[in-house]
Amino acid sequence: MCGIAGLIHRGKSSNVGEELQSMLQALKHRGPDSTGYALYADNDGQNFILRFKVGENVGEGSTSVNEDESVYNERKKLVDKKLSELGATIVKEEKLTPYSFRYEIKYTQDLMEFSKAIEAIESVEILSIGKSLELIKDLGDATAVSERYGLGKLKGTHGIGHARMATESGVDIKSAHPFWGYPFADVSVVHNGQLTNYWNNRRVLENKGMRFMSECDSELIAVFLAEKMRNGATLEEGMKESLTGLDGVFTYFVATKDSLGMAKDTMAAKPLVLYESDDLVAMGSEEIAIRSILPQEIDTYDPFDGEVKVWQI
Amino acid sequence: MANLKTNQKKTKAQSMGLHTEVLTGKTQQKFFNPDEAENFFYWGTHDVDFNKRTELDVKDMDCKEANEKIDKLMSEGYGTIVIKNPQGKHSLGVGILNKLNLIFEGSLGYFGVGSIDGPIVRVNGRVGWSCAENMMAGKVVIEKNAGSCFGAAIRGGDLICKGSVGARTGIDQKGGSIIVGGDAGAFTGFMMQRGRIVILGDVGINLGDSMYDGTIYVGGKIGSFGSDAVESPMTKNDIDWLKRKLKVAEIGNDVDVSKMTKVVAGKKLWNYDALEPTEKKGAI
């Protein structure tokens, strides 16, 4: 069934890594297979943050094929070489796990061509590109992933996250949420539900040059919105179009560098509880997610069917 | 083991080729007999004293532990129990089958006070999905908002939300009353079979979709009618009933109930009145 959570601090930054970890851990029973975070951090905004993986986590519960760690190093070298060919400068690099990396790069050209070139390397997937977005996803619950990637001290303004129960695709990182809104910097999506016109939409979007990395139906939302925005729609306009363009049951969150949005399908078949105040918006699949960071008595509500909301920082 | 025997007297259904055999045998149902009142025992119930009051802080308990504590307090005769710090936990206060004053100082998560038969419950906060599902009798008052499937499949009692409720309120309702002070989402009264729903605010699309029977009253705007839901004229009985119920519910004092919209089943999809009495009992 999956659990999603999101929060946005308006007018200030906070310890969003720790807060989102608490919210997602409270939703662990909704999705124990993998956890993902899209955190919008207080970076200096000078360079792009490139997060990518060169292989899968083949640990317990994974459905991925086991690989020798040496192939990860080879692929990483190919990425470095490709970055150089593309004219990107690596300012800082971090190896987070044997298969996952975080680079700070200087790059000024087209991100779509950049992404295509990097992902042409076998088994390499860009998890995110952005000047604020830090997208982390891996197998395990919220605490395990947070500790593995050191998210507890990450400060920022907002974030969205996902606790996944794998139903229509494998237990692996590529199918885990959030999904990056390729090729847009700093766009991410998490989703709870099922989309029933995935393949029809995918064929249409692939013909328009959009890329899919998994067979997870939720990835369609990120690609759908990205395609709308590429054609000039605002985020909110794209989200409103998704209510009729996407078929099935869904509640999803989308985040950009300075905003956070939610959309709920026209049958309101998937849950969402929302808390909204002047300086904070917090929402999740269950109220216990919000209570994990706001234990005091608060007023919450369920958004109605077909509702779309967007908040700015 | 039940015996099978041929029923000689043909009903309308049998003449159409349906179930030509009937099952006979010893029933496992228990029926209340006033002559044996002293021996009648309703399993899982307790004799409680409303004047005996206590508080229970469930902050550090899971729902199972909290419900076991409530049951233990009832077994000790406490008739008024105040629950502190429910903090949105799921499935609190479920399966209570006796009279009780139960007060939650905070909000409940999913499936709060489900399958109850008799208690009076007040939630001084919000409730999540499927509050009071399968309620048989009693009164539940929610001071703030409620999630979707509010009062799913209730069979009796009064379920009141002073705020707004989500989608599919009163889905599969089989009796009792659901009263909402605010707005309601899509598919309100979806497949309802008996009972009444009162929404003082607006309702979403597909109101009363595929309803078998029952009545829905709406004070505000209606997004759209669902399949086989139709408007019906308000009668004096409707107005009297609404005035009485809203007074009990402590909401809607300023509402002119005569201007509410009454919605009933068109009975094109389902029509109990066309069934044989035995079939009607089985269907309900």
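Predicted model: local features only at pLDDT ≥ 70, side-chain atom pairs only at ≥ 80, totals over all residues.

Visitor: In what order do the six strands of the open sheet lie?

Guide: Going across the sheet, the order is β7-β2-β8-β1-β14-β13 in chain A, and the pairing is antiparallel. The edge strands are β7 (133–139) and β13 (273–276) of chain A, each of which pairs on one side only. From one strand to the next, the twist averages 5 degrees.

Visitor: Which strands of the sheet does α1(A) touch?

Guide: Helix α1(A) packs on the sheet by touching β1, β2, β8 and β14 of chain A, and its direction makes about 25 degrees with that of β8(A). Another helix, α4(A), lies across β2, β7 and β8 of chain A, where it runs at about 120 degrees to β7(A).

Visitor: How should I describe two helices that pack together?

Guide: In general, two packed helices are described by the angle between their axes and by the distance between those axes. Here, the axes of α1 (residues 16–26) and α4 (residues 142–149), both of chain A, come within 8 Å and cross at roughly 155 degrees. Since an angle over 145 degrees counts as roughly antiparallel, α1(A) and α4(A) are therefore roughly antiparallel to each other.

Visitor: Which residues of α1(A) and α4(A) meet?

Guide: From α1(A) come G17(A), Q21(A), L24(A) and Q25(A), and these meet A142(A), T143(A) and S146(A) of α4(A). Sorted by class, the residues of this contact are two nonpolar and five polar, with no charged ones. As a general idea, an α-helix has 3.6 residues a turn, so residues three or four places apart point the same way.

Visitor: Is α1(A) mostly covered or mostly open?

Guide: Helix α1(A) is mostly covered, since nine of its eleven residues are buried. Among the buried residues are V16(A), E19(A), L20(A) and M23(A), and what covers the buried residues of this helix includes β1 (3–9), β2 (34–41), α4, β8 (156–164), β14 (280–284) and α8 (287–291) of chain A.

Visitor: How many residues does each chain bring to the contact between chain A and chain B?

Guide: Chain B brings 21 residues and chain A brings 16 residues. On the side of chain B that touches chain A, there are four nonpolar, 14 polar and three charged residues.

Methods
Residues numbered from 1 in each chain as written. Chains lettered and ligands numbered in written order. Contact = placed C-beta atoms within 7 Å. Nonpolar A, V, L, I, M, F, W, Y, C, P; charged D, E, K, R; others polar. Axes fitted to C-alpha atoms, helices over the stretch in contact; angles between N-to-C directions. Helix = DSSP H or I, 4+ residues; strand = E, 2+ residues; numbered from the N terminus. Parallel < 35°, antiparallel > 145°, perpendicular 65-115°, else oblique. Buried ≥ 20, exposed ≤ 12 C-beta atoms within 10 Å, placed from the backbone. Pairing = 2+ DSSP bridges.
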